[in-house]
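Hi,

Here is the structure I said I would pass on.

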Amino acid sequence: MKKENGILSEIVQLTRKNIRDYMMYIALAVIMLFFSSQTNGGFLSARNITNLINQSGYVAVLAIGMTVILIIKHIDLSVGYVAGFSGAVAAILMTQYGFNEWVAILCVLVMGLLIGLYQGVLITRLGVPAFVTTLAGMFIFRGLLNLSLQKTGTIIVRSEGFNLLSNGFIPDIPGVGGRTHILTLIIGAIIVAAFLFSQIKARKNKQKYNFEVVSLPIFIFILVAISALIMLVIYTLANYSGIPWTAVIVAVVLLIYNYVLKKTRLGRSIYGIGGNDQAAELSGINVEGVTLFSFCSMGVLAALAGILYTSRLQSATMTAGLGFEMDAIASAYIGGTAVSGGVGKVTNTIIGALIIMSLTNGMNLMGVDISMQYVVKGIIFVIAVAFDVRTRMKK
Amino acid sequence: MEDYILEMQGITKEFPGVRALDDINFKVRRGEIHCLVGENGAGKSTLMKVLSGVHRYGTYTGDIIYKGEKQQFRRIADSEKKGIAIIYQELALIPELSIYENIYFGHEIVKGHAIDWNETIIQAGKMLEKVGLHVDPSLPVKKLGVGNQQLVEIAKALSKNVELLILDEPTASLNEDDSERLLRLIRELKNQGVTCIMISHKLKEIIAIADTITVLRDGKTICSLDATERQIQESEIIKYMVGREIEDIYPKRPKHEFGEVCFEIKNWTVKDPDKDRDLLSDVSINVRRGEIVGLQGLMGAGRTELAMSVFGNPTHYPIRSGEIYMDGKKTHFSKPKDAINAGLVYVSEDRKGNGLILIQDIKYNTTLANLKALTKGLSIDENAEVVAANEYKEKLNIKATSVEKRVGDLSGGNQQKVSIAKSLFAKPRVLILDEPTRGIDVGAKYEIYTLMNQLVEEGMSIIMISSELPEVLGMSDRLYIMSEGRICGELLTEEADAEKVMRLAVGTR
């Protein structure tokens, strides 16, 4: 009885401490269950979950890059049209110049890097505020997108490899499996094993240095719950067509950025600059260089987002890029990136992106008018940030 | 009985860990010029903030009796309504707006719902007349020199029907002519019945103008001298300012031989970015291995500017000339990183503003300036980081439950220790400590002094910038005195005493 009380009070404490994160998970769960009930389970069907992943890819990628930009207290408004323009360039390279899809993708990623470099130089070397630089970028790349598609109109992309990126699935192991996608299950098992291993190792390390850790029952509960959730998603996917390529791409980007932010000097510098740029400078951090890097990374990810989006539609259109930056910024903020900079995690940003894209997807399924969708997303966005600011103030 | 416009009785104000004001009694007679003097950190500005309502009623104990009534100011607007106006050292004018807009900013003259600009211009003209500034009131304020801007500030105060005017170091950034003019104006205002409290470091001015001089030290009222009865001497004020006996709060270190000169600045001249004068002129200092060199001077003497411009110049002061030598070799630091790599580290006076990253934890801050030492391949070795952070936490006796504690939640003294830990982790050979003990309690001070002794024993060289005279005298082997951007004296500690130093620092030769 006494022990239970201990756990109970610990749960209360944990909730109080992590209310911000928990609210995010709860919000996602509530949104998903709500749409599921409104669509007779259609929202959580294997088909729709696959769809949701494929549709969310470009937003997730943009939001990851945006998280870095927001942590260092800048903003990038141009990402939408940089993505749109990049998609158009990829389509043109493949259809009009006969580029192989992989060469085209590489060219577009390099172009994204150069765009990021150009904006980064304006911001760091010339001191033009990021808001202005990237607002100008919004004009410029929207114009370039329109110019590049002016003659042809929408370009249909027929390259199979390219279109697979946002419509295809990882192949199954040849010879095995029938209805169920075996490789997907194996990957799922590996993910869960890696997750368990890293969590247990981290906990042991913390204990070694007498840092605060949650008590064992709660730790086990968290591990089991998250593992079960991962396996549930994997099982659902395996019974449909397997893991979409988009999920693989997003996962790779996520892993890289998570690693860089958490484990490298560059990541430390990014948080340092966001927390207090003067202190960072005096600590010998190259503030200009890191800022420049962040915009370059954003440029590359914007190009990648453009590729994913074009692949999803299997065509490059003039409207590609419209409002992407809003979804990306909202995802990062809903995911707990601090409005005042210095705080943010790409793993949480992904949750934010899932919330935003679930709203889009769910409301589409329900047949909600697109204008109404903007209003709903806006309201949820502002509530999330208001909540964030309040909980931070209390700390 | 005397007619007091203001009586502050038993004022005590505490900040976390420090008692800034300790049972202060302060009385101002109606219509006098009352000067408030004391070292930096003596509590002058805090006292004025209590008076004006910046530190609102309830955050201090004691009574403010103004014009015979007990007052409870909750914000500046409350005290302004009663005729108290304060003019800060950093002027609060809006450079792009015109003089008349500035004068009536925040208390505009309105007719119905709209601002009556014609009346505003006429009234502003009258106010300018009063302060003796003969310029077009529609000029933007940024076109005026600092001296005239100060007059606009006073005009603004007058436009609010001020009865008690507080000036915080009004002449600190003025040249002699402008200072002279300002002092004349203050006398003029006195004749018109305005009472004036002036904070100043310039003793000559104070003696010339004051009716009463109150000396504060360590948050206590030391004395109030009536200058109308007799002539007060500078030396008398200085004695009261520094009078505290230097007790044994400075741990002794055994005498040891100093090594070669390992860091030297020669003929360092830096232009003031905002004004047409030199911020630092022809500064030359050096420090030997194992030596603590004090850099003493009053606020605004240019000590922090010297350190920052040498330490990679992150704020981009225009450096006119000068050379830096490390171990006799001429070098140049184009950013702080270069200086750190060369073995020179600067610990900022402003630990919250640009020393620490408050939202991060102790271990993050400790290792920030030298992550290279912890990097294996691409990754930071987090185990090694914890070990290192713990080592410094122990060495500096940082009081916190673990190195994962957020720095923003620590006390001032512990924050300062983290700030020093961070710089030590960068393995410097020369350490510049800027006001290392500002705003921290005696216990933590002692620990920092002990650490400094230990560091020089190990062969490090320290330049300590400090406004606290006893600290400089107690800790340094040798000291430089700075005043108005120049080195105006170099003394061995044996031959220095408080009065000698203060005389140099306030510019009396």
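Below is what I found, starting with how to read the model.

Residues are numbered from 1 along each chain as its sequence is written, while chains are lettered from A and ligands numbered from 1 in the order in which they are written. This is a predicted model, in which local features need pLDDT of at least 70 and side-chain atom pairs count only at pLDDT 80 or more, whereas totals for chains, interfaces and linings use all residues.

On confidence: the predictor gives the complex an ipTM of 0.83 and a pTM of 0.81. Chain B has an average pLDDT of 88 (pLDDT being the predictor's confidence in each residue, from 0 to 100), and 97% of its residues score at least 70.

Now the chains. Chain A comes to 16 helices and two strands, where helices (H or I, at least four residues) and strands (E, at least two) are DSSP runs, numbered from the N terminus. The C-alpha atoms of chain A fill a box of roughly 75 × 60 × 40 Å along the principal axes.

Chain B has 17 helices and 24 strands. With 509 residues the rule gives 23 Å and chain B has 25 Å, so it is as compact as a globular protein of that length. For chain B the box along the principal axes is roughly 70 × 45 × 45 Å. Its domain assignment gives domain 1 (4-242), domain 2 (259-343 + 428-509) and domain 3 (358-427); such bounds come from an automatic or database domain assignment. Domain 1 and domain 3 of chain B have C-alpha centres 43 Å apart.

One is an open sheet of six strands, order 6-9-10-3-11-12, with mixed pairing (two strands pair if DSSP finds at least two bridges between them). Strand 6 (84-87) and strand 12 (220-226) of chain B are its edges, each pairing on one side only. Inside this sheet, strand 9 (residues 164-168) and strand 10 (residues 195-199) of chain B run parallel over five bridges, and B:Ile166 has B:Ile197 as its bridge partner in strand 10. Helix 6 (residues 176-191) of chain B packs on the sheet, touching strand 3 (33-37), strand 9 and strand 10.

The other is an open, antiparallel sheet of four strands in chain B, with the order 2-1-4-5. Its edges are strand 2 (18-29) and strand 5 (69-70) of chain B. Strand 1 (residues 4-15) and strand 4 (residues 61-66) of chain B pair over five bridges, with B:Asp63 in strand 4 as the bridge partner of B:Gln9.

And where do the chains meet? In total, 25 residues of chain B are in contact with 21 residues of chain A, contact meaning C-beta atoms, placed from the backbone, within 7 Å. On the chain B side, helix 10 (336-342), helix 11 (351-355), strand 20 (379-380) and helix 13 (382-395) each supply at least two residues.

Cheers

Notes:
Contact = placed C-beta atoms within 7 Å. Axes fitted to C-alpha atoms, helices over the stretch in contact; angles between N-to-C directions. Rg over C-alpha atoms; globule rule 2.2 N^0.38 Å.
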